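The report below looks at charged pairs, backbone geometry and packing. Please keep the sequence and the coordinates at hand while reading.

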Amino acid sequence: MTRYILRRLAISFGVLFVGSFLMYVLTINSGDPLEDLRESTANNRDTLIAARIDNMGLDLPWYQRYWQWLTGVGGCFVGRCDLGTDRSGSDVLSLLQQSASATLRLVTIATIAAIIIGIIVGILTAIRQYSGFDYVVTFLTFLFFSLPVFWAAVLLKEYGAIRYNDWIADPHVSVLQAVLIGIALGFVLQGVMGGRMKRRLLTGGVTAVFTISALLYFTSVGWWRSPALGPVLVILVALAFAVGITALVAGLGNKRVLYSTLTTVGIGSVLYFVLGGALDEPNWWLLLGLFASAIVVGLVVGYFMGGYSRGQAMGLSAVTAAFMAFLTFADRLVYAWGSFLQLKPRPISTIGASTPNFPGDFWETTLDWGAQLLLPSILLTLISVATYSRYTRSSMLETMNQDYVRTARSKGLSERTVITKHAFRNAMIPITTIVALDFAALIGGAVITENVFGWKGMGAMFKTGLTQVDPNPVMAFFLVTGTAAVIMNLVADLAYASLDPRIRR
Amino acid sequence: MKIGTMSKGVALFAAATIALAACTSDAGTEDENSTSPTADATATASGTKDDTVFVSVGEDEWDGYNDLTPATYSTYNSVINERVRQTFVYFDENSAIQINEEFGNVELISEDPMVVEYTINEDAVWSDGEPIKYEDVLLTWAAQKFTDGEDADGNPVALFDHVGGLDYGERVLEGPQGEAGGKSFTVEYENPFPDYMLTTVVDFPAHIAAEQAGVSLEDLVTAIQGGDVEALRPVAEFWNTGWLSPSAGELPDPAIALSSGPYTYGSWEAGQSLTLVPNENYWGTPPATANLVFRFASADTHVQALQNGDLNVIEPQATIDTLDQLAAIGDAVTVGTFDTLIWEHLDFNFGEGGSLADSLELREAFALCVPRQLIVDNLIAPVNPEAQIMNAREVFPFEADYDTIVSAAYDGRYDTVDIEAAAAKIEEAGVDTPVQVRIGYNTPNPRRTDVAALIKDSCDQAGFEIVDSGSSEFFSADLPSGNFDVAMYAWSGSGQIASGQNIYASDGAQNYTAYANDTVDAAWDTLTATLDTEAQQEQTIIIEKELWDSLFGIPLFAHPGVAAWDSTIQNVAPTASQSAIVWNAEKWVR
């Protein structure tokens, strides 16, 4: 195994080297780095030109410039990274550190969201193959997949930001709107749930009635501007989650696991009230610590209550605890929305990673941060969701038609066990590869998204570098995306090997 | 089917939510009574409204307090710094130079020798309370005066890393004359210098430079006056590096980055925004709005950001799409179109191999067939409906003396296309048709490609064969080597009177087309030697007329610019000058 990893690394290194060489040569030949100065009539033009030639080493032959860059990067192996300077003399390494944090924040969130949504949608469409729901999702995924990003971004800004902000200033849902939204949601949900006509009608009807009354009720009490979940709702949702996840993974017949997850919710509910004060003005470290301890509590509960299925109980209780912690966090955030709106009357911005000089407390600042992150994340997620859901669907369908799945069914196993235990795991193997590779591709794909939302990420660095014919920022971008691609490729191979025992030697 | 359990779960969840949706946060009730802090701004005692205006002039990051080193010298940087550090002059909305009376006064007191007297406002102080005085002026001069050793080629190396080189030091040999601590001083130019108003005579606080370099202010003055390079070296060291901001997001120490204007630096978020706040010690009119936030956003995001209130004042890309989008927003925003100081022109190659170089008739024929009005109508008028053909090189259509100069220098003979006259001129020249003309420009540039196509449509009828030889190597290869017959590119004007000498004089450094004309040379020499504006205008007319008659080239149009702002903000006035739309930002108010 070690030999295999080393060999892969050596090959990747060679690929990166050749790639960097090509990239460098292409970049410096893509235009005239002095163009703007040549058109200038300023009297200090010659000084400026001389300074730029000096900064960029334009008086050196191309191979020498590349060699300079390469030796600078080579320094990284001995802890002295030097990615050179951009044309105005700023250190590219420090530029990279700043821009990489913005980009990774965006890409990580988008990737996680896309994986979760994509896989769930993929499985649902596979289970309901050739249903109306399946066709609609297929249509939508192809639509999203072929969306031009810049155009979708403009639409998203128009409806997600500008129109929404106009609406939230005086939120009102008319009866007609509520009825239409309710019917639409009911229609979608009955498609997902499937079953006989009676059941479909029931699902759709209940959903529609619920949605319509909720929408109207929210409007009448002013919930849109000052929403809250409250302890009762948090606890009920957490209970529903505990029951749901147990039913899905272990089956409700497994009482040990069910009681374990329910106990976790119980402990979480107590903590919800006990820790209330500590959450008034927290910081990220405290929250992270609380989150970690929640998981530990879940594991402990599972350990003592799991009995014969201790492993499953520990896992599910930990997941339930994490969900409960997240729900408590969300409860606080939702509660802060009202005061956030007073600080920022138009909550969703079209540009920037944060509102300049935002004065709010922890929760309001987090909301601001999230509101800024929302639109670009949605955009990146939409595109990846399309890929993930398609791959999951086809992979899932392929596994579902395998002989061993038929055997499992004929043994009399429940549909849940067949899908989650037998089909799903094996269907995940090819998805792993896609997810790993897609992460690297997303960093590259984020160039346009960052640009249209005014984020100063690596995309902006790449773009300015290219328009200014300034190789060092472009190469820094290449280094990060190239390395990410190579590493993720390796990770995918390793994950593949660990998921599929047939591949291991 | 266990999935049935799930739908039961959903139903349970639904029912529970209906029962409990009564929960709303209590913030909502306050909401009705208390008004938001930004929406209802209160005026403070000083006359500054506690409000925020968001503006963007582009996506480029602010670079640092010292914007006079070659590395930090950029319009994006100086646009912000000009709101913090004032000087004796500013550009108004017509790009004309005006004396900044709050800062002081400038007066030309003698023409021969040329002496300019400056008086700093008695109350003028840096933001740390130290008066702005003669020492600051002296340091500004010293930064462009002294050299320290020579480089490998034997050229002197400047002691200070100043973007202006040694220009000021060479024009003013003895430096500004005045008393230490004094508020008035004189500057004596070695030769007459028509652009003296553009000389920056004060930039940074000298007492900070002295303190940071570990010398006393008196010693600094003595060292400058005595030309003691050894003593100045630590000061130059600080000047070159101490006022820079190498890591984005960390504002310079307010104790050393002093303000002499209505605003000072408030906060800086790397890659996002820089906020200016009022300078407490400003002696003049306080800014009308307290917070001026420059957001670093690319121009194509500006329109929607303006609509959403993320930006309040924008200068987006001047395209027809932008204008349509802005118009669609309605009355909430005001749109201003204007001519920028960037202007497009066609220059004939007079060097070896230029196919039109030796024949005035051929150049006239070419000028007669270039459809200038059509070019403006098709490519520029959609953005700026008031756009017109530009008929001069040294003045812009929006400048006051444009009509005077153009009417005296040019009779309008090339305003309309005359194919027959062009064909006759070619015949007169007695050359074989078609005459090949290579139009060189830098690619990619769709607008210039369109211009070349329009010229081809028209001129091919007259007997030319226009070749579109646009190339991405135009500036680096074709233009210097003379591999073109007609060059198409833009000059960006800088408001200087004498900068054209570089382009049109026979030995000018930017005379890329090998044009040589004794009349023009002589007129430039006369122009640069006089300080009388009427005499300057006379010489400009002579130059323009000769450039038309001998057909140096054909000016086409000034590039259009677009600005837009939230209609509730008053006193916004777009300008073509480098100070950009924020030139009067301290007057903006809701």
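Does B:Ala580 count as buried or exposed, and at what relative accessibility? In this predicted model, B:Ala580 counts as buried because its relative accessibility is 10%, which falls under the 20% cut-off. The residue lies in the segment after strand S18 (553-566) of chain B, and it has a positive phi of about 60° although it is not a glycine. Most residues other than glycine have a negative phi.

B:Ala514 also has a positive phi of about 60° without being a glycine, and its place is the loop between helix H17 (501-504) and helix H18 (518-529) of chain B. With 46% relative accessibility, B:Ala514 counts as partly exposed.

Turning to charge, the structure holds 24 salt bridges over all chains, and side chains of opposite charge can pair when their charged atoms come close. The table lists some of these pairs.

| Pair | N to O distance | Relative accessible area |
|---|---|---|
| A:Arg409 and A:Glu415 | 3.2 Å | A:Arg409 35%; A:Glu415 26% |
| B:Arg83 and B:Glu586 | 2.9 Å | B:Arg83 8% |
| B:Glu230 and B:Arg233 | 2.9 Å | B:Glu230 55%; B:Arg233 33% |

The salt bridge of B:Arg83 with B:Glu586 links distant parts of the chain, since B:Arg83 is in the loop between helix H3 (75-81) and strand S2 (89-91) of chain B, while B:Glu586 is in the segment after S18, 503 residues apart. B:Arg83 itself is buried. By contrast, B:Glu230 and B:Arg233 are 3 residues apart in helix H8 (residues 229-241) of chain B, and therefore they are separated by about one helical turn; B:Glu230 counts as exposed, whereas B:Arg233 is partly exposed.

A network of salt bridges links B:Asp411, B:Arg413, B:Lys545 and B:Asp549. On the surface, B:Glu111, B:Asp112, B:Asp532, B:Glu534 and B:Glu538 gather in a patch of negative charge. One of them, B:Asp532, is found in the loop between H18 and helix H19 (533-549) of chain B and is partly exposed, with a relative accessible area of 35%.

Key:
Residues are numbered from 1 along each chain as its sequence is written. Chains are lettered from A and ligands numbered from 1 in the order in which they are written. This is a predicted model: local features need pLDDT of at least 70, side-chain atom pairs count only at pLDDT 80 or more; totals for chains, interfaces and linings use all residues. Side-chain values use heavy atoms; hydrogens and water are left out. Helices (H or I, at least four residues) and strands (E, at least two) are DSSP runs, numbered from the N terminus. Buried means under 20% relative accessible area, exposed over 50%, partly exposed in between (1.4 Å probe, protein chains only). Patches are made of residues with over 30% relative accessible area and no salt bridge: like charges are joined within 9 Å, nonpolar side chains (Val, Leu, Ile, Met, Phe, Trp, Tyr) within 5 Å. Accessible areas come from the Shrake-Rupley method with a 1.4 Å probe; for residues, only the protein chains shown count as cover. A salt bridge is a side-chain nitrogen of Lys or Arg within 4 Å of a carboxyl oxygen of Asp or Glu. Lys and Arg count as positive and Asp and Glu as negative; His and the chain ends are not counted. The place of a charge is taken as NZ of Lys, CZ of Arg, CG of Asp or CD of Glu.
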